[in-house]
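Visitor: I would like to learn how to read a model of this kind. Please take me through it step by step.

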Amino acid sequence: MKRVVAILIFVAISLSVVVSAEPRRPKRYHSKGGVTETQRDSKGNEYLFTTIDRITIYGSRRDFKKFERMVRAVKKVYPLAKEASRRMEKISVNLEELKRRDRKKYTSEVEEALKKEITPMLWKMTRYEGVILLKLIDRETDKTAFSIIKLYRSGFVAGFYQTLARLFGNNLKLEYDPEGEDQMLEQIVRLYEAGEL
């Protein structure tokens, strides 16, 4: 019996030595502005390390308001642009499988189904959100809305929709320029994709 107790005490002491010899994992504190960690050195001193999120400095209040407005628009329309990209890939695959004479019928059916599904959402959008949507569709598909309509329907139909869009102050030929005028939009989309908005 004494032998068993001695073995248990030996095991308990050796486990406590092993556990205390392991380096402590740093404590992490997440806040809205970054991550703070505590770490100890070999002498037992504790240090705080803080990683701060990247911030953007605006030149004026007007620039900040423009940024906020664009963030709201991206949150609303970016999922639609991603869905448009996904559906376009699906339609392209389906069109490759069809014979030439069946393609026009298929694209007409898809157009009618999309009109029924998407028209209520489009009526709830502002003009500004529509412009952002057109640019994001170009970003996701590498094609303007005009060229997509022209590809799947015809040049005449694309011209008709372009004329209609111009009457309401939009342009289906808007291109996405992440290095130029759409630099802020690209920054917002990246933040949205990273889940930081």
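The dialogue below goes from confidence to fold, then to surface and one residue.

Guide: This is a predicted model, in which local features need pLDDT of at least 70, side-chain atom pairs count only at pLDDT 80 or more, and totals for chains, interfaces and linings use all residues. Residues are numbered from 1 along each chain as its sequence is written, and side-chain values use heavy atoms, with hydrogens and water left out.

Visitor: What is the mean pLDDT of the chain?

Guide: pLDDT is the predictor's confidence in each residue, from 0 to 100. Its mean over the chain is 78, and 78% of the residues reach 70 or more. Over residues 17-22 pLDDT stays under 50, and the model has zero contacts there beyond four places in sequence; a contact means heavy atoms within 4.5 Å. Where pLDDT is low, the predicted coordinates should not be read in detail.

Visitor: How many helices and strands does the chain have?

Guide: Helices (H or I, at least four residues) and strands (E, at least two) are DSSP runs, numbered from the N terminus. The chain has seven helices and three strands, in the order α-β-β-β-α-α-α-α-α-α.

Visitor: Is T107 buried or exposed?

Guide: Buried means under 20% relative accessible area, exposed over 50%, and partly exposed in between (1.4 Å probe, protein chains only). T107 has a relative accessible area of 8%, so T107 is buried. T107 lies in helix α3, residues 100-123, and touches L95, Y152 and R153, leaving aside residues up to four places away in sequence. Of the chain's 197 residues, 28% count as buried.
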